[in-house]
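Have the model open in a viewer with residue selection ready. The tour goes from a pocket to a helix and then to pairs of charged side chains.

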Amino acid sequence: MGRGDTETRRGGRISPFTILAYVILTLWAVWALLPLFWMISTSFKEVRAAIKIPPEWIPADPTLINYERLFARAPAFRWFANSAIVAVAHTLSMLLFCSMAGYAFAKKEFPGKTAIFWTLLSTMMIPGMVLLVPLFLLVSKMGLMNNYGGLILPGLVGAFGVFLMKQFIGTLPNELLDAARIDGASEFGVYSRVILPLSKPALAVLGIFSFMGAWNDFLWPLLITQSKDMRTLAVGLATLQQESMTDFGLLMAGSTFAAVPMIIIFFAFQKHFLKGLTIGALKG
């Protein structure tokens, strides 16, 4: 904090630069939230009001007819449940396996450790599109098409999660681990009673990113699911769009229904989103 800022705070005045910064940030936030506001607003409009020009930012006669048609025309709650099951399974498996691998890479010594770790990181540079065909063939041969196994199996662990946990666990002091071993703790005891409790910030960030990625995933569920009841919410809404064509009210109602969990998670864990920007930069 500079001398000018100190004098400004002591004098109780706000500098023009601070006012300008707040104005710019406020306008930027309003601009970023406009699509979200338009989506929610349109979901409460009738068909004619949704395509009216000039547009109505706030519906003159709000209605729930779009949500009623959504739940009557499509198994939206079943799609919601499918997305929730897949997202929760992905999140739990990522937290478990990535934290175990991160602990091994950060605090254990074994032959080929560095080579294996860098090989793992190099997989992050492989485009996801390249893996779709081999993954599809593998899942098909395993008989996991159109079921939860095919939806969940490819997302059990990820290189980014291993890297994130390795970087964070590497900052934990070795003395704590040695003290636990002296007290008679096994390696699993050290992992479960020392590593996991101290890694809550990194686990929270990884859990949020994993849940969001699985919830919004579209292409893989589109390839794997064949029946209407096995579709996730993202895929189901896309097929609904093809069926309803330009029914913007219905589409916005479905999009709002799908966005509600993400909005709740963001406001509940927004501090962890900010931590996610810096955790990967910690020295290991």
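This is a predicted model. Select L131, P154, G155, V157 and G158: of the 28 residues lining the largest pocket, these lie nearest its centre. The pocket has a volume of about 910 Å³. Its lining is made up of 19 nonpolar, eight polar and one charged residues.

Next, colour the helices that supply at least two lining residues each: helix 5 (76-107), helix 7 (128-141), helix 9 (159-169), helix 12 (200-216) and helix 13 (219-224). Helix 12 gives the most, with five residues.

Now turn to the salt bridges, of which the structure holds four. Show K108 and E187, whose side chains meet at 2.5 Å, N to O. K108 sits in the loop between helix 5 and helix 6 (113-122) and E187 in helix 11 (residues 187-198), so the pair ties together parts 79 residues apart in sequence. K108 is partly exposed at 25% relative accessibility, and E187 is partly exposed at 36%.

K108, D178, R181 and E187 are linked in a network of salt bridges.

Finish at E109 and K113, which form a salt bridge at 3.4 Å, N to O. E109 is exposed at 71% relative accessibility, while K113 is buried at 14%.

Key:
Residues are numbered from 1 along each chain as its sequence is written. This is a predicted model: local features need pLDDT of at least 70, side-chain atom pairs count only at pLDDT 80 or more; totals for chains, interfaces and linings use all residues. Side-chain values use heavy atoms; hydrogens and water are left out. On a 1 Å grid over the protein atoms alone, a cavity is a set of points where a 1.4 Å probe fits but cannot get out, and a pocket is an open set with protein on both sides within 12 Å along at least five of seven lines; lining residues have an atom within 4 Å of a point. Grid points are joined across faces, edges and corners, and a volume is the space filled by probe spheres set on the points. Helices (H or I, at least four residues) and strands (E, at least two) are DSSP runs, numbered from the N terminus. Ala, Val, Leu, Ile, Met, Phe, Trp, Tyr, Cys and Pro count as nonpolar, Asp, Glu, Lys and Arg as charged, and the others, Gly among them, as polar. Buried means under 20% relative accessible area, exposed over 50%, partly exposed in between (1.4 Å probe, protein chains only).
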